[in-house]
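Subject: Structure for you to look at

Hello,

Here is the structure I promised to pass on. Please open it alongside this note; my findings follow below.

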Amino acid sequence: MSALPAEAVGRPILSARSLSHSFQAVRVVDGVSIDIDEGRLYGLIGPNGAGKSTVMNILAGAQKPIGGTTHYGGVDITRWPAYRRARHGVIRTFQLSNEFARLTVLENLLVAVPNQPGDTFREVFTTPRRRWNRRQGESLDRARALLARFNMEAKADDYAGDLSGGQKRILEILRAVMAQPRLLLLDEPLAGIHPRIIESVCDYLRELRREGVTILMIEHELEVVETLCDAVVVMASGIVIFRGSMTEARQRREVIDAYVAG
Amino acid sequence: MSNATQFYVTTLLIYGAVSIIACWGLDLQFGDTGILNFAFIMFQAAGAYTAAVLTLGPSTQSNPLSNYQHYVFGASVPYPVSVFAAALVGALLSYPIGVVALRRLRSDYQAVAMLVVSLIATTVVISDTGLLDGERGLFLIPKPLRDSADTLLGYQWLYVGISCVFLAVVLWVIARISRAPLGRSLRAIRESESAAAALGKNVLSLRMGAFVVGNMIAAISGALLVQYIGSWSPNGWLYPETFVYLGAIIIGGAANKLGVLIGALLLPVGISEGVRYLPSFGGPGFVDAVQFMLIGVLIIAFMWFRPRGLVPERRRTFGNPRWSFRRRTPGAGVATAMPSADEQGLAG
């Protein structure tokens with residue numbers, strides 16, 4: 001990942017228009033529009049049940065909206081399945097840890113590497129093992145360096161399912177980073193992480209932003225959002241009630257009401 | 001070794017090879033990818049029927065082999081073209097079934113759908129007697145390369161050799177898949193489809209690939225078996241047979257090639273041979289039924305007490321010997337900016 005050229009920062013990367021979704025008769029997302037500019041870090045906040053995770057699922061392609069469109073880099077990706085979005089750099093993490101439990105920590109990270117030779121049925125029988133291994137060796141170095149950064153190198157060969165809740169969260173973020181994201185969608189990445197680690201995770205997210213990764217994160221800790229995010233999108237009852245800076249959001253009546261009521 | 005013992009041993013070796021091949025194919029689907037293919041036996045049967053009709057010759061009155069049986073097509077292709085054709089049919093049959101079952105259905109419903117497909121296939125083959133001679137099945141299927149051996153015993157050993165060649169080829173295929181980055185992706189899909197898709201894995205296409213390759217291997221095992229025993233009928237591939245193979249994998253150790261090999265020798269071969277030596281008791285067919293009871297009890301016992309099987313799945317490490325890690329002393333993490341991994345564990 002290389003840093004974005006200065007003129008690229010602020011260019012729109014993702015634009016969702018009038019997204020809607022309902023579970024049975026309940027409209028959980030109702031005409032949500034979100035614009036995300038390249039190289040920025042956004043917070044998606046709101047009380048429980050506001051529809052934040054559903055919006056994230058729709059943006060990642062995991063759920064199909066009943067209405068609305070999503071454009072990414074100027075291309076209409078509304079009908080793209082999750083894997084296709086991921087291959088173009090839209091990588092997400094999950095609200096509940098979704099690690100590959102019976103794969104080791106290192107394997108979890110290696111699975112994410114895009115365009116790895118030997119990763120399709122055709123390539124297994126048409127490319128020599130040397131090629132897979134060379135590329136895998138490079139990825140291994142990267143994966144080990146990431147683990148070392150979070151003092152998890154001793155866990156490299158442990159099954160991911162045996163990690164603690166906090167470590168699983170970190171693994172999930174690192175796995176997403178291994179996938180070389182352009183737009184990173186993080187669903188409550190800090191939930192369950194030890195308070196002393198939160199700061200280093202935040203530093204890491206800032207570093208990713210500097211390297212040119214655009215980030216949209218759902219987060220409940222408003223202090224964290226305030227120090228970390230360039231801008232926030234506030235949702236309540238399935239609609240967007242505010243877009244702007246966190247400081248501004250704190251003063252808005254409707255935002256305060258939503259939190260009090262929610 | 002007396003001739004009789006040699007004959008018995010070679011027969012066991014051939015059955016063993018067939019069941020190991022089949023179990024490895026099913027394990028690629030079940031152990032590695034997490035697909036519950038309850039129609040597996042149907043793909044073995046498809047391979048067997050294909051090899052049979054391709055070697056029996058045309059179904060005409062003048063053909064002494066086919067005088068009393070009716071079947072479609074009928075040809076006399078040379079060996080091992082019949083086996084390759086069987087694999088091809090196994091693959092072609094996988095597509096329509098896979099597209100329907102793997103695309104839209106949740107895994108437990110997929111399993112039920114596969115079971116139904118297996119039942120439908122049996123019913124169709126039994127009802128349409130012109131297709132594959134119905135309930136009676138095909139018989140007098142020519143043995144391949146029979147002229148190459150002078151004696152029956154010599155031929156037995158020759159067929160052991162042929163079986164071992166196929167065993168080696170299948171092992172090479174599944175080991176290559178398993179060790180490749182592809183194997184890792186398949187296991188990731190087994191663990192979490194949604195997370196794999198979120199990392200850019202085309203889950204449907206990868207599952208489909210494992211389904212097709214596994215079923216091709218099933219078809220090869222069927223072709224190998226039918227050309228040895230010389231007959232094939234619907235009774236030999238009723239749906240419970242799939243559970244025998246599945247049981248072998250669970251007992252041996254899913255996603256472990258050696259474990260599956262041991263399971264394949266213990267269950268489909270070991271138990272059916274072991275039951276043969278039981279004294280006859282109960283009504284007719286009771287001893288045969290004991291076989292299925294034993295298999296059922298064994299599967300439940302293993303799921304309960306040893307769910308990973310006799311030889312559990314290997315943990316894959318990357319040339320990172322554990323002894324090379326410096327042992328952490330308590331408090332070592334405090335000196336660094338970050339708490340140690342164990343301290344992070346407190347958060348969970």
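**What I found**

A first point, on one helix end. A:Gln180 follows α6(A) and has a positive phi, near 55 degrees. Keep in mind throughout that this is a predicted model.

**Helix α6 of chain A**

Staying with that helix, its length checks out. α6(A) has 14 residues, which at 1.5 Å a residue should span 20 Å. Its end C-alpha atoms are 20 Å apart, so the two agree. How many of its residues are buried? The count is 13 of the 14, so α6(A) is largely enclosed by the rest of the structure.

**The contact between the chains**

α6(A) also takes part in the contact with chain B. Chain A puts 48 residues into this contact, and chain B puts in 42. On the side of chain A that touches chain B, several elements supply at least two residues each. The helices are α2 (82-87), α3 (105-111), α4 (121-126), α5 (129-149), α6 (165-178) and α7 (195-210). The strand β6 (90-92) belongs to the list too. By class, that side of chain A has 26 nonpolar residues, 14 polar and eight charged.

**Chain B**

Chain B has 14 helices and zero strands. Of its 348 residues, 45% are buried. Take the contacts in chain B between residues at least 6 apart in sequence: 75% of them join residues at least 24 apart.

**The β1 pairings in chain A**

β1 (residues 12-23) and β2 (residues 26-37) of chain A pair antiparallel, over nine bridges. A:Ser15 has A:Asp35 in β2(A) as its bridge partner. Two residues lie between the strands of this hairpin, where A:Gln24 takes a positive phi near 50 degrees. β1(A) also runs antiparallel to β4 (residues 67-72) of chain A, and five bridges join them. There A:Leu14 stands opposite A:Tyr72 of β4(A).

**The six-stranded sheet in chain A**

Which strands make up the open sheet, and in what order? The order is β6-β7-β8-β3-β9-β10 of chain A, with mixed pairing. β6 and β10 (239-244) of chain A are the edge strands, each pairing on one side only. From one strand to the next, the twist averages 15 degrees. β6(A) pairs with β7 (residues 183-187) of chain A in the parallel sense, over three bridges. A:Val90 is opposite A:Leu183 of β7(A).

Two helices are worth a look against this sheet. α1 (residues 52-60) of chain A packs on the sheet. It touches β3 (41-45), β6, β7, β8 (214-218) and β9 (231-236) of chain A. The direction of α1(A) makes about 150 degrees with that of β7(A). α7(A) lies across β3, β7 and β8 of chain A, and runs at about 145 degrees to β8(A).

**A:Thr54**

A:Thr54 sits in helix α1 of chain A. Is A:Thr54 buried or exposed? With 23 other C-beta atoms within 10 Å, A:Thr54 is buried, because the cut-off for buried is 20 or more. Leaving out residues up to four places away in sequence, A:Thr54 touches A:His21, A:Val28, A:Val29 and A:Gln63. A:Val32 is 22 residues from A:Thr54 along the chain, and their C-alpha atoms are separated by 11 Å.

Best wishes

Technical notes
Residues numbered from 1 in each chain as written. Chains lettered and ligands numbered in written order. Predicted model: local features only at pLDDT ≥ 70, side-chain atom pairs only at ≥ 80, totals over all residues. Contact = placed C-beta atoms within 7 Å. Helix = DSSP H or I, 4+ residues; strand = E, 2+ residues; numbered from the N terminus. Nonpolar A, V, L, I, M, F, W, Y, C, P; charged D, E, K, R; others polar. Expected span 1.5 Å × (residues − 1). Buried ≥ 20, exposed ≤ 12 C-beta atoms within 10 Å, placed from the backbone. Pairing = 2+ DSSP bridges. Axes fitted to C-alpha atoms, helices over the stretch in contact; angles between N-to-C directions.
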